[in-house]
Amino acid sequence: MRHIIDLSDLTMDEFNELYKLTSNIIDRPEGYTDACRGKVLGSLFYEPSTRTNLSFSTAMMRLGGNVVGFSNPNSSSAAKGETLKDTITMVSNYADMIVMRNPNEGAAKAASMFSEVPIINAGDGGHLHPTQTLADMTTILRLRGSADNMKIGLCGDLKYGRTVHSLIHFLANYENVQFYLIAPRELAIPEYLRQFMVEHQMKFYEVSGLEPVIPMLDVLYMTRIQKERFASLDVYESLKGTYCLTKAKLRDAKKELLIMHPLPRVDEIAQDVDDDPRAVYFDQARFAMYARMALLLTLSKQSRVRMPKHLIGMPNLRCTNPKCITHSETYLPMDIIHTKDGERCVYCDHLVEHVPEPEVSEEG
Amino acid sequence: MRHIIDLSDLTMDEFNELYKLTSNIIDRPEGYTDACRGKVLGSLFYEPSTRTNLSFSTAMMRLGGNVVGFSNPNSSSAAKGETLKDTITMVSNYADMIVMRNPNEGAAKAASMFSEVPIINAGDGGHLHPTQTLADMTTILRLRGSADNMKIGLCGDLKYGRTVHSLIHFLANYENVQFYLIAPRELAIPEYLRQFMVEHQMKFYEVSGLEPVIPMLDVLYMTRIQKERFASLDVYESLKGTYCLTKAKLRDAKKELLIMHPLPRVDEIAQDVDDDPRAVYFDQARFAMYARMALLLTLSKQSRVRMPKHLIGMPNLRCTNPKCITHSETYLPMDIIHTKDGERCVYCDHLVEHVPEPEVSEEG
Amino acid sequence: MRHIIDLSDLTMDEFNELYKLTSNIIDRPEGYTDACRGKVLGSLFYEPSTRTNLSFSTAMMRLGGNVVGFSNPNSSSAAKGETLKDTITMVSNYADMIVMRNPNEGAAKAASMFSEVPIINAGDGGHLHPTQTLADMTTILRLRGSADNMKIGLCGDLKYGRTVHSLIHFLANYENVQFYLIAPRELAIPEYLRQFMVEHQMKFYEVSGLEPVIPMLDVLYMTRIQKERFASLDVYESLKGTYCLTKAKLRDAKKELLIMHPLPRVDEIAQDVDDDPRAVYFDQARFAMYARMALLLTLSKQSRVRMPKHLIGMPNLRCTNPKCITHSETYLPMDIIHTKDGERCVYCDHLVEHVPEPEVSEEG
């Protein structure tokens with residue numbers, strides 16, 4: 001483990017070590033007050049995200065470390081036209097670790113190629129956000145003891161919700177996890193995830209109503225449904241009540257149900273649920289901070305590695321994802337992963353296409 | 001003492017303890033370098049206020065503590081439509097104390113209802129700003145020894161100046177304080193404060209000129225007069241010179257006069273006053289930092305309290321103050337304080353009105 | 001040494017001490033982890049500059065100190081109409097040192113007149129940026145052993161580039177430095193610097209091509225050429241390739257050449273140069289942090305000095321530089337330095353002009 005771009009960068013052994021460390025920190029936080037003393041975290045938020053930003057900063061400070069960086073794209077060097085590569089090279093000169101949020105998909109992977117110090121992906125557009133999944137898993141393991149033999153309901157926007165996709169992937173590491181996928185047709189789970197669950201022998205049920213399945217669940221993971229996802233406002237208005245959790249709908253829920261949400265919520269969980277002891281979404285935010293402490297502490301022990309700065313790729317390939325980092329940072333070498341669906345971009349995991357090779361230019 | 005929303009949250013014993021601690025810190029700051037080591041202050045500035053923000057941050061750092069937060073509303077989660085309640089719940093999950101500045105009146109009280117950790121009000125609109133009064137009192141006590149038997153001139157905008165109102169309230173705790181209220185008619189002290197001074201046997205004189213009363217004063221508290229307060233620019237221009245303090249006007253002032261100002265000043269105190277040894281407004285800013293150190297240190301010793309999140313109020317009441325926090329954060333339970341003027345909003349202290357009870361909705 | 005407004009505030013003995021300390025920190029950083037413990041740096045960035053800001057903040061934190069301030073003019077008190085004098089007086093009340101970046105020329109000098117604590121100039125408009133030169137000199141001395149007997153190429157915008165001007169000035173302290181001044185005619189070195197080099201017996205050659213001189217050089221200092229400097233875009237387009245460094249142009253360069261750049265670069269150094277061991281511009285950024293650590297540590301040992309606040313100048317003089325701080329902060333006393341070119345503004349070093357004395361006003 002060197003960078004955390006995706007949670008799949010961790011082996012299960014590494015994840016279990018990390019969870020053990022997280023648990024130790026939760027139980028005895030005062031033992032870690034000086035664990036990162038003298039270390040500096042570079043915190044680069046190219047788009048605002050108060051929650052994630054505060055969570056990482058607090059985590060570093062509770063380890064006795066320091067934080068420098070920006071939380072606002074307008075105060076960044078990028079405004080002066082600097083490349084991501086140069087910014088990362090500069091910051092990795094100053095800092096011992098870097099946490100980055102960036103609106104371009106694949107930005108974290110790109111950063112990791114040039115950084116002398118570990119990169120933590122705190123969200124690269126709609127692509128990956130591994131420490132959210134780390135927080136989710138910490139919550140489940142800590143409050144339920146295990147993720148095996150679990151019936152989990154995933155409710156809301158299952159089409160675009162990267163949190164949900166990442167959680168499904170990670171739960172493939174556990175035994176007998178059953179999914180209730182609760183979503184309107186417009187926001188149903190993508191086909192490739194259905195295949196993934198089939199291949200991994202994970203049972204799943206797709207349903208359109210929340211209330212009827214609640215009594216079956218051990219965990220209910222709520223997400224937000226965004227108005228903008230619907231063709232018409234009428235359809236949205238007619239549906240949204242169905243996917244809002246209220247106290248009344250919890251009448252027949254299990255006593256040990258865990259109600260989770262990645263936050264911030266808007267109105268998909270009613271205020272009257274907040275005092276229910278099964279509502280653990282605010283605890284989840286606290287576990288997120290502890291999981292990030294464990295991650296920072298683990299990564300801080302790595303030594304600095306000098307990276308080559310000029311990389312040669314495959315100039316006749318182009319990523320088909322318009323939000324991919326390769327379109328704005330054009331010096332990035334194109335590279336691919338072979339999957340059974342075809343050749344996918346090493347940065348953002350979208351399909352690539354073949355293009356005529358550009359003429360050679362020495363200007364770099 | 002759990003939160004500091006208003007200075008009236010402190011008993012006189014608690015205030016005296018706090019002042020004693022402040023004095024100790026001023027005399028021996030090096031004894032407090034580690035007093036908040038390992039603690040984190042959440043600093044939530046929903047509107048910019050460099051001075052207050054820097055003062056609190058420095059105070060926390062000089063105690064060996066850390067600070068996370070935002071100084072800019074645009075980088076806050078509020079932009080994503082999160083409620084104040086959820087933001088406070090989240091931050092109180094990460095931080096050990098929270099200092100908040102918010103343009104809505106009553107916001108600090110609202111925050112305190114949901115926070116697991118102490119809330120310090122660093123200004124809620126034009127309503128309250130208790131640590132400014134703490135700084136003012138520290139300055140007076142430290143430089144004069146006592147606030148008893150004091151002739152204090154309050155000059156400038158006495159109608160809207162919350163600093164001045166708060167100081168009058170607090171000085172009711174001392175013996176034989178006499179007020180010279182120096183203001184144009186347009187900006188005279190509100191009637192309820194006149195009544196307050198009468199009830200508390202505090203002598204006061206309302207005058208329209210500054211220069212004639214200066215020789216009588218032990219303390220002169222200057223405030224800014226804002227152009228926008230006047231019906232016409234002509235009236236403002238004709239008056240403003242009267243309420244500007246210059247070196248010439250100090251000719252017959254007492255040798256031990258204290259000239260105070262909450263800062264920032266614009267031109268109500270001329271530059272040629274700055275080197276007068278009686279000009280203590282910059283010292284006042286330094287005392288503010290020490291008073292905040294004492295406050296943070298005292299509050300940091302409290303333990304975390306889990307708060308109920310869903311509160312039921314009086315849905316048939318509505319606050320008449322358009323700037324009240326209850327209008328933007330509509331889940332807040334309306335509650336009242338009975339005063340002899342009528343029923344007042346528990347958040348912002350304005351009168352409430354009766355409205356038809358809204359229909360019950362389960363959506364929270 | 002009390003403030004660092006210009007590098008000429010240091011004697012050569014002081015500079016050598018500072019470099020020695022910098023070297024010690026580079027060799028043994030762990031020995032300085034607590035060197036500024038309990039100290040606070042006020043960081044006032046009136047215009048964004050991520051690189052300089054992060055570098056100073058990290059430097060302070062690696063000494064165990066703390067940082068408060070702002071990185072964004074919009075969140076500053078200046079928005080409320082506060083003078084620079086009052087802001088500096090306030091911040092010097094809280095902090096133990098102040099680093100300031102300000103778009104007005106002469107702002108750092110103005111700040112130093114009122115500050116109780118040391119001011120470090122992190123750039124005052126296009127005027128001075130002494131810690132950049134400190135970083136440049138640290139890089140040369142550290143990697144080359146000495147700055148004597150050196151052939152240095154300065155390439156790019158030599159007319160407006162303050163970095164380059166400052167470096168020429170400082171290199172007058174060394175023996176047998178020869179300059180190759182590589183620039184288009186439009187951006188040639190100013191006449192006063194030619195005279196300076198003549199007076200100090202420094203050899204220099206002005207050339208318009210980069211490639212031919214590279215083989216002669218021990219150091220090549222690249223800078224950016226801004227499009228906006230040219231009368232027409234056509235001229236810019238036709239020239240820019242000439243002043244871009246590529247791998248190909250380095251074919252006959254010396255093995256021990258140092259390629260430097262103050263960063264951020266845009267495209268004046270091609271990506272294919274980055275992995276050349278002679279490319280030291282990213283190391284230069286790291287040396288900048290260490291040089292700033294040494295500077296902060298040295299300045300932190302000074303004691304607080306109370307400054308007079310009301311200063312009388314020469315009201316019949318006016319600076320001819322429209323960007324001079326004296327035009328926006330009108331209370332600043334005008335004062336001059338006599339040079340052989342005439343009377344120059346003490347703040348921004350431009351010529352002053354005589355004006356009718358303004359009428360006396362007591363309003364300050």
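Predicted model: local features only at pLDDT ≥ 70, side-chain atom pairs only at ≥ 80, totals over all residues.

Reader: What makes the pair R306(B) and D283(A) a salt bridge?

Author: The closest N and O atoms of R306(B) and D283(A) are 3.2 Å apart. The cut-off is 4 Å between a side-chain nitrogen of Lys or Arg and a carboxyl oxygen of Asp or Glu, so the pair qualifies.

Reader: Which helices of chain A supply at least two residues each to the side that touches chain B?

Author: Those are α2 (50-62) and α9 (281-299). The one that gives the most is α2(A), with eight residues. By class, that side of chain A has 11 nonpolar, nine polar and 11 charged residues.

Reader: How many residues are in contact, and what area is buried between the chains?

Author: On chain A, 31 residues are in contact with 35 residues of chain B. The buried area is about 3,000 Å², and carbon and sulfur atoms give 49% of that.

Reader: Where does Q132(A) lie, and what does it touch?

Author: Q132(A) lies in helix α5 (residues 130-144) of chain A. Leaving out residues up to four places away in sequence, Q132(A) touches T163(A), Y221(A), P262(A), Q284(A) and R292(A).

Notes. Residues numbered from 1 in each chain as written. Chains lettered and ligands numbered in written order. Heavy atoms only, no water. Helix = DSSP H or I, 4+ residues; strand = E, 2+ residues; numbered from the N terminus. Contact = heavy atoms within 4.5 Å. Buried area = accessible area lost by both parts, 1.4 Å probe. Nonpolar A, V, L, I, M, F, W, Y, C, P; charged D, E, K, R; others polar.
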